[in-house]
Amino acid sequence: MDIREAVKERHSVRQYRDIPLGEEERRSLEELVAQCNAESGLNIQLVCDDPECFDTFLAHYGKFKNAKNYIAMTGKKSLEDLEERCGYYGQRIVLEAQKMGLNTCWVAGTYGKGKCKASLQKDEKIVCVIAIGYGENSGSKHKSKAVEKLCSVPEADMPTWFKNGVKAAMMAPTALNQQKFRIALDGEDAVITTGSGPMTKIDLGIVKYNFEAVSGHKCK
Ligand SMILES: Cc1cc2nc3c(=O)[nH]c(=O)nc-3n(C[C@H](O)[C@H](O)[C@H](O)COP(=O)(O)O)c2cc1C
């Protein structure tokens, strides 16, 4: 599966099969987490076989089932772009997981923050978690805002790489499917910004990663 397929096939999955992660998948994820931490300065952690984090009223209300593995997105409180950075590197892990045949769900609200087993230093905080495992289903395609609402460039004027990036951004997960991002073209550069609101900065990092991974162009 290439990155385009991974972007297209990824949907939030909240019900998982009651089986542990395979040894190989676990090792690959650990390696990827270590790489992401080295590049980002974050303290991302893979936590396996811990049913408690999703054993809360909110998680059941959110229809989570057998969510026992997760990636805890944590880092230094002092990092100015902590949320965006978590979004960016978390989405890199999500798409690699998709390629490995795993399913995921970004979770910032419906989990037990106090029950999360990630180990934190005093100067660190947890931004959100990503549930990960073998889905009982593959999720479903989310409804997207129209392209004109998300991007200021008329479709007919979009260079191919930009168009591919916009499509990938539209398929990105955002909290409550809010899609508050906007994509513009400034000369040769794609510029992605976000409106205000809860979790929009995490969304921004996620959307930027999707755009870059598929278009092959760094964005601002
Ligand atoms: C930052 C972020 C936080 C999220 N928090 C939750 C959550 O607390 N509970 C939940 O069930 N889904 C959560 N989601 C999943 C979104 O509802 C989902 O991504 C969105 O509806 C789009 O659907 P899709 O991921 O299937 O494309 C979150 C997604 C993001 C990006």
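Helices here are DSSP runs of H or I with at least four residues, strands are DSSP runs of E with at least two, and both are numbered from the N terminus. What you have here is a predicted model, where local features need pLDDT of at least 70 and side-chain atom pairs count only at pLDDT 80 or more, while totals for chains, interfaces and linings use all residues. Residue numbers start from 1 along each chain as its sequence is written.

**The overall build**

- The chain has seven helices and six strands, and from the N terminus on they run α-α-β-α-β-α-β-β-α-α-β-β-α.
- A compact globule of 220 residues would have a radius of gyration near 17 Å, and the chain agrees with its 17 Å; the radius is taken over C-alpha atoms, and the globule rule is 2.2 Å times the number of residues to the power 0.38.
- Along the principal axes, the C-alpha atoms fill a box of roughly 50 × 40 × 30 Å.
- Of the 220 residues, 41% are buried. Buried means 20 or more other C-beta atoms within 10 Å of the residue's own, exposed means 12 or fewer, and partly exposed is in between, with C-beta atoms placed from the backbone.
- Among contacts with a separation of 6 or more, 76% join residues 24 or more positions apart. A contact needs C-beta atoms, placed from the backbone, within 7 Å of each other.

- The domain assignment gives domain 1 (3-133) and domain 2 (147-215), with bounds that come from an automatic or database assignment.
- Their C-alpha centres lie 22 Å apart.
- The contact takes 19 residues from domain 1 and 16 residues from domain 2.
- On the domain 1 side, helix H1 (3-9), helix H4 (82-99) and strand E4 (124-133) each supply at least two residues.
- H4 gives the largest share of that side, ten residues.
- That side of domain 1 divides into nine nonpolar, four polar and six charged residues. Nonpolar covers Ala, Val, Leu, Ile, Met, Phe, Trp, Tyr, Cys and Pro, charged covers Asp, Glu, Lys and Arg, and the others, Gly among them, are polar.

**The nonpolar core**

- The largest nonpolar core has 58 residues, and Val129, Ile130 and Ala131 have the most contacts inside it. Such a core is a set of buried Ala, Val, Leu, Ile, Met, Phe, Trp, Tyr and Cys residues joined through C-beta atoms within 7 Å.
- H4 supplies the largest share of this core, eight residues.
- Both domain 1 and domain 2 give residues to this core, so it lies between them.
- Leaving out residues up to four places away in sequence, Ile130 touches Tyr70, Ile71, Met73, Gly90, Val94, Thr104, Cys105, Trp106 and Val107.

**Around the ligand**

- The ligand is surrounded by 22 residues, and the closest are Ser12, Trp106, Gly109, Pro173 and Asn177; a residue is near a molecule if its C-beta atom, placed from the backbone, lies within 6 Å of it.
- Strand E3 (103-107) and helix H7 (200-215) each supply at least two residues of this shell.
- Eleven residues of the shell are nonpolar, nine are polar and two are charged.
- Each of the two domains provides at least three of the shell's residues.

**Helix H6**

- In helix H6 (residues 160-170), the buried residues are Phe162, Gly165, Val166, Ala168, Ala169 and Met170.
- They pack against H1, helix H5 (147-150), strand E5 (181-186), strand E6 (189-194) and H7.

**Single residues worth a look**

- Gly75 lies in strand E2 (residues 70-76) and counts as buried, with 25 C-beta neighbours inside 10 Å.
- Not counting residues up to four places away in sequence, Gly75 touches Gly41, Leu42, Asn43, Leu82, Arg85, Cys86 and Glu124.
- Most residues other than glycine have a negative phi.
- Asp49 has a positive phi of about 55 degrees although it is not a glycine, and with 9 C-beta neighbours inside 10 Å it counts as exposed.
- Met199, in the loop between E6 and H7, also has a positive phi, near 70 degrees.
- Met199 counts as buried, with 21 C-beta neighbours inside 10 Å.

Conventions: Two residues are in contact if their C-beta atoms, placed from the backbone, lie within 7 Å.
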